[in-house]
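Biologist: I would like to learn how to read the features of a structural model step by step. May we begin with the model itself?

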Amino acid sequence: MLWQGPSVDLTQQRRRMGERVIKAFLVGAALLSVVVTVGIVVSLFAPLTEFFSHVGIGEFLFGTEWTVGFGNKASWDDKSWGVLPLVTATFVMTAIALLVAVPLGLGAAAFLSEYASPRARKILKPILEILAGIPTVAFGFIALTVVTPLLGNIFQFNGIFNMLAPGIVMGFMIVPTVASLSEDAMSAVPLALRQGSYALGANRMKTTVRVVFPAALSGIVAAIVLGISRAVGETMIVTIGAGLQPKMTLDPTQGAQAMTGFIAQIASGDAPEGSPVYYSLFAVGSLLFLLTLLINMISIRLVRKYRQAY
């Protein structure tokens, strides 16, 4: 008779208590973000209802004059509620920031991923990311006191406030975001693709542009869209550098007020609770929330469209 060893139970073992605790923590963290988002939407509902009971949605979205911060703040009738000047200023400065951040960020990412040695990458990447830790108030004062006088001499415009200087400074602020995330995406491209390109006679530049960039396109797009979201929601740079005068203009040498600049101005305690200006804060904040949500939804679509699996 053959000897049989002890039986082995191949069924799934009971999970350890630590794993259950970690899983519960991760689920709670995921649910918390959803609860916070829902809470924000719910808290905005009552003020928005009061605001749009006095102001038409069409007037708010398509009006070209915004005089909420002027005159009698306790009246609904003597003000213009067109938010388009604030939206225009926001996206003009965001576009300027992207013109600065995208070339510099992608150039830095390409260098760190494809050209720099491991030792240089280990030193340079943390130095680059230090820019993300500089307070935005400091960036705002640099835009006002350093960049604006310099640009005024170059482009021959007068005035303290303009959209060009904060846009440029904001571009440097989001360079670490674009560069770091793009570099991570490019470094994740398999080495075999590079080796195949070199085997076909391509040099390092062609390999970077025609192989690595397309392969990492989903990550690069996500980095750029995240930079856009950061620029749209930036407050202190646009408040200090662009001024608080709502103006419907596309001229970057003119001062204007962004949506976040208006929120910072009125939320500083100038608007009494229950006044029309107080409710306009929630309207502008809700529009900013929806624009950011729309940008993120576009980002998700683009990332899924260009994602490649290896």
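Biologist: Among contacts between residues at least 6 apart in sequence, what percentage join residues at least 24 apart?

Modeller: A contact means heavy atoms within 4.5 Å. In this protein, 69% of the contacts between residues at least 6 apart join residues at least 24 apart in sequence. Please note that this is a predicted model, in which local features need pLDDT of at least 70, side-chain atom pairs count only at pLDDT 80 or more, and totals for chains, interfaces and linings use all residues. Residues are numbered from 1 along each chain as its sequence is written, and side-chain values use heavy atoms, with hydrogens and water left out.

Biologist: How many helices and strands does the protein have?

Modeller: Helices (H or I, at least four residues) and strands (E, at least two) are DSSP runs, numbered from the N terminus. Here there are 12 helices and 0 strands.

Biologist: What does the radius of gyration say about the overall form?

Modeller: The radius is taken over C-alpha atoms, and the globule rule is 2.2 Å times the number of residues to the power 0.38. For 310 residues a compact globule would have a radius near 19 Å, whereas this protein has 25 Å. Its C-alpha trace spans about 100 × 55 × 30 Å along the principal axes.

Biologist: What percentage of the residues count as buried?

Modeller: Buried means under 20% relative accessible area, exposed over 50%, and partly exposed in between (1.4 Å probe, protein chains only). Of the 310 residues, 41% count as buried.

Biologist: Is Gly 140 buried or exposed?

Modeller: Gly 140, in helix H5 (residues 136-155), counts as buried because its relative accessibility is 0%. Leaving out residues up to four places away in sequence, Gly 140 touches Met 236, Ile 237 and Ile 240. By contrast, the C-alpha atoms of Gly 140 and Ser 43, 97 residues apart along the chain, are separated by 31 Å.

Biologist: Why does Ser 197 count as buried?

Modeller: Ser 197 counts as buried because its relative accessibility is 8%. This residue belongs to helix H7 (residues 191-199). Beyond its neighbours within four places in sequence, Ser 197 is in contact with Ala 202, Thr 207 and Val 211.

Biologist: Which class does Leu 217 fall into?

Modeller: Leu 217 is partly exposed, because its relative accessible area is 28%. Leu 217 lies in helix H9 (residues 217-232).

Biologist: How many aromatic pairs does a search of the whole structure find?

Modeller: Rings of Phe, Tyr and Trp (its six-membered ring) pair if their centres lie within 6.5 Å; planes under 30 degrees apart count as stacked, over 60 as edge-to-face and the rest as tilted. The search finds 9 such pairs. One of them is the edge-to-face pair of Phe 51 and Trp 81, at 5.5 Å centre to centre with 80 degrees between the planes. This pair links distant parts of the chain, 30 residues apart: Phe 51 is in helix H1 (residues 17-52), and Trp 81 is in the loop between helix H2 (57-62) and helix H3 (84-115). Both Phe 51 and Trp 81 are buried. Tyr 278 and Phe 282 also form an edge-to-face pair, at 5.2 Å and 70 degrees. Those two residues both lie in helix H12 (residues 276-306), 4 residues apart, about one turn of the helix.

Biologist: Which residues form one aromatic cluster?

Modeller: The cluster consists of Phe 51, Phe 52, Phe 60, Trp 66, Trp 81 and Phe 262.
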